[in-house]
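Here are my notes on this one, jotted down while going through the model. Have a look at the structure first, then see whether you read it the way I do.

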Protein chains: 2
Amino acid sequence: MPEFAGRMAQMAKSAAIIRNLFGAMNDPGIISFGGGAPAKEALPVELVREIVNDVMTREKRGIESLQYGPVPGLADLREVVVEHLLTPKGVSANPDEVVITTGGLEGMNLLCQLYIEPGDVILVESPTFVQSVEIFEMFQARCVSVAMDDDGMVTDDLEAKILKYRPKMVYVIPTFQNPTGRTLSLERRKKIAQLGSEHDVIILEDDPYRDIRYSGTDLPPIKSFDETGHTVLANSFSKIFSPGSRLGYVLAKPEITAKIIDAKSATNSHTSMLPQVVCAEFFKRGHYPEHHRAMCELYRHRRDVMIECIDKFFPEGTKRTFPDGGLFTWAEIPGGINTTDLLVEATSNPDVKVAYVAGEGFFIEGNGMGSDCMRISFGGVTEDNIRLGTERLGKLIGSKL
Amino acid sequence: MPEFAGRMAQMAKSAAIIRNLFGAMNDPGIISFGGGAPAKEALPVELVREIVNDVMTREKRGIESLQYGPVPGLADLREVVVEHLLTPKGVSANPDEVVITTGGLEGMNLLCQLYIEPGDVILVESPTFVQSVEIFEMFQARCVSVAMDDDGMVTDDLEAKILKYRPKMVYVIPTFQNPTGRTLSLERRKKIAQLGSEHDVIILEDDPYRDIRYSGTDLPPIKSFDETGHTVLANSFSKIFSPGSRLGYVLAKPEITAKIIDAKSATNSHTSMLPQVVCAEFFKRGHYPEHHRAMCELYRHRRDVMIECIDKFFPEGTKRTFPDGGLFTWAEIPGGINTTDLLVEATSNPDVKVAYVAGEGFFIEGNGMGSDCMRISFGGVTEDNIRLGTERLGKLIGSKL
C-alpha cells in the first residue's frame, strides 16, 4: 500500500492519547468525571423538536434546511453570532466577518490550513487541550509550551517565547481553560492582543466555555482588545446549545475570512443546514436567556458540590482550581502518585469504578509533567454520583499514600 | 499580517473558479441550468419533520441527536450504508470499515490528509469536478488529466500516465460523471481497480450520482472489483437524501479507516448528529424505496424534456451526452463560441436570462480546452423552464453563428 503522508505519523501520538483519554468513558457502570460533555439536562431536546416541527412546515425554511447552503454559513446564524454572542461581549463585528464551522474545533483546522507550514511554531498553554494539539500536529506544526499560573498564560513567558521561537500562532483558551478551569486575567487579555499586533503573530482565541460563567465577573474576549486584526476568535455552540450539532464560528478580519471561506469550501463545502437553522431559530425565538440561566444554575450547583467533596474526601495536600464557570476542575494530588497508572485501578477496581482524565496527556512537554494531575468534570454528573465518586476516588488515592 | 501558507496560493485559482461558477446562480429572475443541486421536490421535508418529531420524544435518541457522538459516525448510519447502499451493489463490507463524513467532499479532504504530500501527483478525468480539484490543490497536489471518452476515463491513457507520473492517487467519478454525465464502462471499472492494485496507487472512487439511475443497466462500483484495498469509495447522501445535511461516507480497508478516523478527529471531531440520526431513521423506517422511485421518475422526465429541447432548439452541430441518470448533461456547441463569454450575455440580456456552467473551469489543462462546452443541469428545473430556457439559449447561440 502507498505510504501515509508524514503528517499522519506526526499526529499519531496525540491521536492515541485522545483515543485513550476519551475512549473508555462510556461504561455505564462507571461514574465518569472524564468526558467534557454538557449535562444531558442542558440539551434543549424539546425545543429542538418544537422548532423543527414548525420550520419544516414553512416552505422556504424547510427546503433551506435540507438544500445546499452558503459556504460561510446561514445568514441568520451569522447574525445571531453578532447580536447575541459578540456585541454583548464588547466585540463589534459584521456578520460578513463571521464564518460558521462544523464545531469549534474545525476553526482550529481551518486556521492551520491558512497559516501553518510544516515546522512552524505554535505556542500553547501548559497544559493545553490535547485535541487542538492533534490538529496542530496534523499540520506538522511544532508546538512549544508557555507557562501558566492561576491567572492563565504567563505573558512574560509568552513574550520571551515569541522572541525566541518566532511562532506563526499563539493558541489560548482564555476562559475556564481546558483542562485547568483557569481564567486569563483582564490585564493579560489586553497584553496578549497587543503582543500579537506588535510581533505580527496570529492569536488564536478558543473560548467555548466563556458563556457558562456562574460566578465571578465576566471578562471581555482578547478579540475585543485587538486593534490590528491579529486576533482570530474561534468559538463553539457546543456548550451553550448542543455539541452534537457541531456548530462553531470564527471571527476574523475580512482578508482572513475570505481565505477561511476558501479553506472551508475545500473541507466540506459548508456546515450542515438543519442544525444551523434550528440553532438560529433557538436564539431568534428568544429561548437562549432562560436556557442559559437554567444551565448555569445546574452547573453552579454541581461545581459547588464537587469542590466541597474534593475538599472533604481527597487527602490533605491536594491542590485544586476553583472554576467560576465551565464543566471541570483540575487537581494535583500529593505523594507523587501517577494518575495514569491510578486510572487503570480506579476504573477496574469494583469498589471504585470512577473515571477522570489523567493530567499527563494535556502537557506537550512529554517529560512526565502533570503526571500527578487529573481533570475532573462535574458538568454531566449528578450530585449523588459526585459525592459517591469523589469519596471512592479519595479513598483510593489515600490508600496509596 | 503573517503570510498565508503556500497552499492558499495554490488553491486560489480553483477557489475563484468555484466562486464564479456557482456564485451568481441564485438570481430568481434567471432560469438556471447552473447549480447541481437536487430538485426541491426531491427533498424529504415532511418526512424529516415527522422523524424529528418522533425521535426527540424518545429519550435516548433525543439526547443522542444533540450530544457528542462517535468520531466514525453513528453506528446506525454506518449499518444503513452497508445494508442499503453497499450490499445491494455487490460491495461486501463491515460497518467498522465505514466512516461517516460531513458530505461527500469531506471524504476527498480526509484522503488527501492521509496520503498527499506537496508535489504528489493525482490523476483526474478531463474534464473533472472542479471542487475536488480545489481540495487537491489545497494539499498542494499536482493534478494531471487523463483522457475521457463516452465510456469514461480511458484506461490505456490512465496506465500510461500511472507509469509516467507515478501518482499517489487516481480520482474518478464513475457514474453520470460531473460534469459530463458519462458513465465508466464495466470493463474499465475492473481495469481501474486492477491498475490500482498492480501499480500500488490509491483509486479514489467518488460516486454520488450512482443511485439516481433512471435508464440503462446498473453497474457495480469499482470498489467491488478491488482485491487489495487500493480502491477507496467516497460517497454522499446529498443526491439521495439531502445535500444540506452534509452527510457522506468513506469505505476503505481497516488500516486506512483507522487513519481516516484520526484525520476526522482533527478536522471536526465528528459529523453533526441530528442529520445522522434523521438519515438513519429515514432508511430504517423504510422510506427510501418510495422516495427513490419518485425522485428517479421526476429526474427521468426532466432529462427527457431537456434532451428533446436541446435537440430541438440548439443549432445543428451541437453535441450532447445522454445521461442515464444524475442531474445534468454536457453540450459542445458549434462555431467555436466561447461559453464563458456567452454566459455573461446569457445571464444579463433581458431576453435570455439563462445560466449554465461554462465548460472551461472543469478542465485543469487551462489551455482553453472546453471553452465551447457547457454543463446543463435539469435536475432542479421545471419542465416549463427547461423548454423556455433552452429555446432562449438556443436562439442566443444561433445568433452567434
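**Notes on the domain contact, the cores and the symmetry**

1. Let me start with the domain interface. Domain 1 and domain 2 of chain A bury about 3100 Å² between them, with carbon and sulfur atoms giving 64% of that area. Keep in mind that this is a predicted model.

2. On the domain 1 side of chain A, the residues that lose the most area to domain 2 are Asp324(A), Phe362(A) and Ile364(A); together they make up 20% of what that side buries. The contact draws 38 residues from domain 1 of chain A and 37 residues from domain 2 of chain A.

3. What about polar links here? Salt bridges between domain 1 and domain 2 of chain A come to zero, whereas 16 residue pairs are in polar contact across that interface.

4. For orientation, domain 1 of chain A is assigned as 6-43 + 290-399, and domain 2 as 67-284. Their C-alpha centres are 25 Å apart.

5. Now the packing. The largest nonpolar core has 143 residues, and those touching the most other members are Leu86(A), Phe237(A), Met374(A), Phe237(B) and Met374(B). Beyond four places away in sequence, Phe237(A) touches residues including Leu77(A), Val81(A), Tyr249(A) and Phe283(A).

6. Last, the symmetry. Chain B superposes on chain A by a rotation of 180° with 0.0 Å of shift along the axis (RMSD 0.0 Å), which means the relation is that of a two-fold axis. Both copies use the same surface, as 100% of the contact residues of chain B recur in chain A. In chain B, Asn53(B) comes closest to the rotation axis, with its C-alpha at 3.1 Å.

Terms used
Residues numbered from 1 in each chain as written. Chains lettered and ligands numbered in written order. Predicted model: local features only at pLDDT ≥ 70, side-chain atom pairs only at ≥ 80, totals over all residues. Heavy atoms only, no water. Least-squares fit on C-alpha atoms with pLDDT ≥ 70 in both. Contact = heavy atoms within 4.5 Å. Core = buried A, V, L, I, M, F, W, Y, C linked by side-chain atoms within 4.5 Å. Buried < 20%, exposed > 50% of the residue type's maximum accessible area, 1.4 Å probe, protein only. Domains from an automatic or database assignment. Buried area = accessible area lost by both parts, 1.4 Å probe. Salt bridge = Lys/Arg side-chain N within 4 Å of Asp/Glu carboxyl O. Polar contact = N/O pair within 3.5 Å; in protein donor to acceptor, adjacent residues only side chain to side chain.
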